Amino acid sequence: MTRIKLITFDLDDTLWDNGPTITNAEILTRKWIEKKVGRIEWGNFDDFINLREDLIRKDPSIAWDISKLRKEIFKKKINHLVTSSEAEVIANNAFDMFINKRHEVELYDGVANALKSLSMDYSLGVLTNGNADIYRFEIGKYFDFAISSIEAKDSKPNRPHFDKALQKIDGISFAEMLHIGDHQINDIFAANQLGIKTLWFNNKNTKWVQAFEKPKDFSDWNRLPEIIKELYE
Ligand SMILES: [Mg+2]
């Protein structure tokens, strides 16, 4: 078997449980905005999807620039209540608040130790569709690079994240890469079809529902270095 040289990681729901963090960030940011402008109809998930599609039609980069998407949505929600320059300022400040809160994550048990250990034997990279910045965390020091949808100008499961990862490490091939993530399509299907080895993080006992063979999975970060050693060395 080809030896692995580079391990790439998804972030949200792979290194931490993202739901509680985003919900908290969203609630606090909305409260803050309402304090400035009064009550707002935030709408339900369908409204959000429609609004998103609307915005993407006018500016296709919104599809992968989720920070811009969020700012534009804030503006849309308040621009009938304030002047457009006020809306701009409020949306920017609200986004700053959101992005700070969005980084208040709790790493899964064992993440820091596993990354520290793996970083001694492999190059490590981040491939995320989200807007968390790994370098805002202590564990950022274990990573050689991070590619978000902003750099990729696209989202997983499309291939730009993976192609860019290849360019970060000299003389490496997809066969020498291992990608680890929680998402069956965005992470596992995406990497698998490029010939990248995959390891599925499944700590919620989720059923494998893809048409191709389930990859090896794991649920405990404390065991990850050992699992990688067993599988690939
Ligand atoms: Mg994820």
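**Strand β5 and its neighbours in the sheet**

Strand β5 (residues 197-201) pairs with β6 in the parallel sense, over two bridges. Pairing here takes at least two DSSP bridges between the strands, and strands (E, at least two residues) and helices (H or I, at least four) are DSSP runs numbered from the N terminus. This is a predicted model, so to speak: local features need pLDDT of at least 70, side-chain atom pairs count only at pLDDT 80 or more, and totals for chains, interfaces and linings use all residues. Residue numbers start from 1 along each chain, as its sequence is written.

On the β6 side, Trp200 sits opposite Asp217, and Phe201 faces Phe218. Turning to β4 (residues 177-181), that strand runs parallel to β5 and is joined to it by four bridges; Leu178 has Lys197 as its bridge partner in β5. Between these two strands comes helix α8 (residues 184-192), and β4, α8 and β5 together make a right-handed β-α-β unit. Right-handed means that, with the strands pointing away from the viewer, the path from the first strand over the helix to the second runs clockwise.

As for the sheet overall, it is open, with six strands in the order β3-β2-β1-β4-β5-β6 and parallel pairing. Its edges are β3 (145-147) and β6 (217-218), each pairing on one side only. β5 itself is mostly covered, with four of its five residues buried (20 or more other C-beta atoms within 10 Å of the residue's own, with C-beta atoms placed from the backbone).

Conventions
Buried ≥ 20, exposed ≤ 12 C-beta atoms within 10 Å, placed from the backbone.
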